[in-house]
Amino acid sequence: MIVRDRILAADRAHVWHPYTAADAWELEDPIVVARAQGSWLEDIDGRRYLDGNASWWVASLGHAHPRLARALADQVARLDHVALAGITHEAAALLAEELCALAPPGLRRVFFTDNGSTAVEVAVKIAIQSWRQRGRPEKTRFVALEGAFHGDTVGAASLGGVEVFRRPFAGVLFECFHADLPGEAGYARAFAGIEALVRREAHRIAAVVVEPMLQGAAGMRTYPASFLQHLRALCTESAVLLVADEVFTGYGRTGPMWAVEHAGVAPDLMCVGKGFSQIVPMGATLATEELYDAFRGPRDRALMYGHTFCGNPMGAALAREVLAIYRDEAILAQVASKAPMISRAMGALGALPGVLRTRSLGLTGAVDLAGGEEGYLGDLGWRVYQEAKRRGAYLRPLGSTVYVCPPLTIGEADLELLLSIFGESIQAALEAR
Ligand SMILES: *Cc1c(COP(=O)(O)O)cnc(C)c1O
């Protein structure tokens, strides 16, 4: 039998982990996962942990859903892989149709990619090339929000507004206007700032890109629906595209299927990933027919973009089954019924000394802790992570912000347990300060 030490030795010798400091990792005593079922991870020694972050915000249907396993097995037996350039297949075609039927109004075209970053990357490229082909080649700049996270390719990272993620690549990322967010500055001031910027620079702005309602990597920060409504109106008036990055917020994470529904607005481009396919890497960018039409004409007007695994049959078949499960298991109704448990728990944690603020939206709740180093590199959140691990939950902090973001299918008893471990772990970490 392969034991924990053997796996860890191979890992320490050869694996380069994402967003992980090398020296700190060597001191870590990480969970070595062997199995997962529902909302639970099980390590190689049989210890169980609640998956408090849905495995980086992906597993909204929990782990090992039997219908997903079956969909994957059926698809691999019939058609394992084929490209999507000059050829097509059932899973991709029917998935595109089903996705458009559920999407905000006006989104009628689906460009498939294979992760969230490239779903954003292609939105950037569609925006630039569509303006060029509509006689506005000078519209090449982007506006994103302070604290934004849109992925890790150079294009997507250029939109990012988290300073520690940008710093190593300073001077190489393309320039992007970063607008203040409502919150600290106050709603009216934040909107006035972005409005002045968009009006002044509209002649060279291709698009405004946002994570609607909830900024994930910024520390699960929320902002009001009216901000999105005003942004939509501003973009329309200024001939600027609005891109909604729903890679995290889509698929019911914030309550409705898409976070833009809180505001009743439809974007011109929308990016999906993460929970979109649950298991196999897969992403998509949805666009209006008007944008698609900008690419009609001679061959040199085509979108010169595409990834080897875009629209891959495995991911597409899974994504179709995910949509069917959302319907059959009324996943959005489940979110609505469990969301108050999270908002109540966050409200109670707000009263703890050492807690700066709390917030929740849908099945996500977050707590900002005082007393540690502020920001993404703070270590107080990691102490909460350690405490939670000891108590049987797997969290992943964002600096001094800790959050829960469980599978949407988590049972009520498991959610209660997760929330109580979360609260106890915060208390223990704060007391040890
Ligand atoms: C995770 C995330 C991405 C990037 O997705 P990957 O699959 O990691 O490339 C983009 N945008 C948002 C909002 C995300 O949360």
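**Helix H15 and two packing partners**

**View 1. Helices H13 and H15 are roughly parallel to each other in this predicted model**. Two packed helices are described by the angle between their axes and the distance between the axes. Here the axes of helix H13, which spans residues 331-349, and of H15 cross at roughly 15° and come within 11 Å; angles under 35 degrees count as roughly parallel, and H13 and H15 are therefore described in that way. The crossing of these two helices, H13 and H15, is right-handed.

**View 2. Residues of H13 meet residues of H15**. On the H13 side the contact involves Ser337, Lys338, Met341, Ile342, Ala345, Met346 and Leu349, while on the H15 side it involves Glu412, Leu415, Glu416, Leu419, Phe422, Gly423 and Ile426.

**View 3. Helix H14 packs against helix H15 at an angle of about 130°**. The axes of H14, which covers residues 380-391, and of H15, which covers residues 412-431, lie 8 Å apart, and the angle between them makes H14 oblique to H15. H14 passes H15 in a right-handed crossing.

**View 4. Residues of H14 and H15 make the contact between these helices**. H14 contributes Leu380, Arg383, Val384, Glu387, Ala388 and Arg391, and H15 contributes Ile421, Glu424, Ser425, Ile426, Ala428, Ala429 and Leu430. The residues in this contact of H14 with H15 divide into eight nonpolar, four charged and one polar.

Terms used: Residues are numbered from 1 along each chain as its sequence is written. This is a predicted model: local features need pLDDT of at least 70, side-chain atom pairs count only at pLDDT 80 or more; totals for chains, interfaces and linings use all residues. Side-chain values use heavy atoms; hydrogens and water are left out. Axes are lines fitted to C-alpha atoms, for helices over the stretch in contact, and angles run from 0 to 180 degrees between N-to-C directions. Helices (H or I, at least four residues) and strands (E, at least two) are DSSP runs, numbered from the N terminus. Angles under 35 degrees count as roughly parallel, over 145 as roughly antiparallel, 65 to 115 as roughly perpendicular and the rest as oblique. A crossing is left-handed if the near helix is turned anticlockwise from the far one by less than a right angle, and right-handed if clockwise. Contact means heavy atoms within 4.5 Å. Ala, Val, Leu, Ile, Met, Phe, Trp, Tyr, Cys and Pro count as nonpolar, Asp, Glu, Lys and Arg as charged, and the others, Gly among them, as polar.
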